[in-house]
Amino acid sequence: MATLSPLLKQATPVLAERGEGVYLYDTEGRRHLDFTAGIGVTNTGHCHPRVVEAAQKQVGTLIHGQYTTVMHEPLLRLVDALGDVLPDGLDSLFFLNSGSEAVEASIRLARHATGRQNIVVFHGSFHGRTMGAAALTTAGTKFRAGIGPLMPGAAIAPFPQAYRYGWDEEEATRFALRELDYLLVTASPASDTAAFVVEPVLGEGGYIPAPPAFLEGLRERADRHGILLIMDEVQTGFGRTGRFWGHQHADARPDVLITAKGLASGFPLSAIAAPTALMEKARPGSQGGTYGGNAVACAAALATLQVIDEEGLVANAERQGARLNDGLRKVAADHPEIGDVRGLGLMQASEFTGPDGEPDAAAAQRAHQAAAEHGLLLLTCGAYGNVVRMIPPLIVTDAQVDDALALWSRAVADAVG
């Protein structure tokens, strides 16, 4: 008899039987308001009819057309469609299956293109669990511990976590950029640094938006030193933050963009995008893979793009994110155990702290579990596990946001008294 690995712990007790929109239904028929969206994957909601129809049609035509052996229409159409939403100049795409794979591909490209080894990341980053990506991940030691030696060449600089430092955003940004400059003259010489890799909003690191001035400071330094700026938009992309791409809250164009999660509404698909002139610097044979650009996943991604556009989901994410943030702040005002509420669009978080300002993971876990008991599915994050995050599908309505806030208020009251 086989079982799942004991390390695969469920965040909620739900045994899901089906999904519809913002809801999951368990095997007993109970409905759950899903504000996890498969960790920011089902941006169009569970089983959106347009996505289902596209995938079903493709399954009956061509399931696997290995794209270094043959070409297929869904992939070519997806490349064209992504050209309409990608930042100007990022006109060349390489498709993979997961976010970690895409991160690995971006590192390989950066090193080939620049002839430099070092990659600078930022405290609280999450870029994946594969060996190269894990070396770039600092959201928690659980992603790195016990597997060394990790990939060499990773250097870590501060991220402007204003709440953690007890500063305002401007001061935190000045500090982070000053320390990055110090890093470039001490631990990772600019002449040896291939790329900065940054999330526009820290994901596993605690749902902390990067201040626009920080991303713009990275862009300026990248230009000054000939360093590539890689935006990890695995979680922030496809409308999640109220812009199509999370970095669009700042004036900071990427040289390489990484996307996954919301790209195909639940089908495994990821990609990196870069200017053709940059992509051409990758060495022959360095890009490929058996399943990348799968025909069914590409068909689902095309439908996803159409739904996002035709249903105005980016604008809805901005509007509903503001509504959700306002409601979370009202709950926090009644409960001093919540020290901070933050986020962009439909990436919102509540951080639990004790009277001394120290992280309170126990309270966050109690609130998280109480919410599940009330029918609201959430996730935790942050280095200490003291942050509860809300990631609803982008189709969420006013009424559903209000329902979630009511359930959250009850859950927090249950958790902290």
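The report below looks at the domains and at the interface between them.

## Basis of the model

This is a predicted model, in which local features need pLDDT of at least 70 and side-chain atom pairs count only at pLDDT 80 or more, while totals for chains, interfaces and linings use all residues. Residues are numbered from 1 along each chain as its sequence is written, and side-chain values use heavy atoms, with hydrogens and water left out.

## Two domains and their contact

The domain assignment, whose bounds come from an automatic or database source, divides the protein chain into domain 1 (16-34 + 312-416) and domain 2 (51-311). Their C-alpha centres are 26 Å apart, and the contact (heavy atoms within 4.5 Å) takes 28 residues from domain 1 and 25 residues from domain 2.

About 2,100 Å² is buried between domain 1 and domain 2, with carbon and sulfur atoms giving 61% of that area; buried area is the accessible area (1.4 Å probe) that two parts lose on being put together, summed over both. Within domain 1, the residues that lose the most area to domain 2 are Val314, Leu344 and Met347, together 32% of what that side buries.

## Salt bridges across the interface

Across the interface of domain 1 and domain 2 there are two salt bridges, each being a side-chain nitrogen of Lys or Arg within 4 Å of a carboxyl oxygen of Asp or Glu. Glu204 forms a salt bridge with Arg389, and their closest N and O atoms are 2.8 Å apart.
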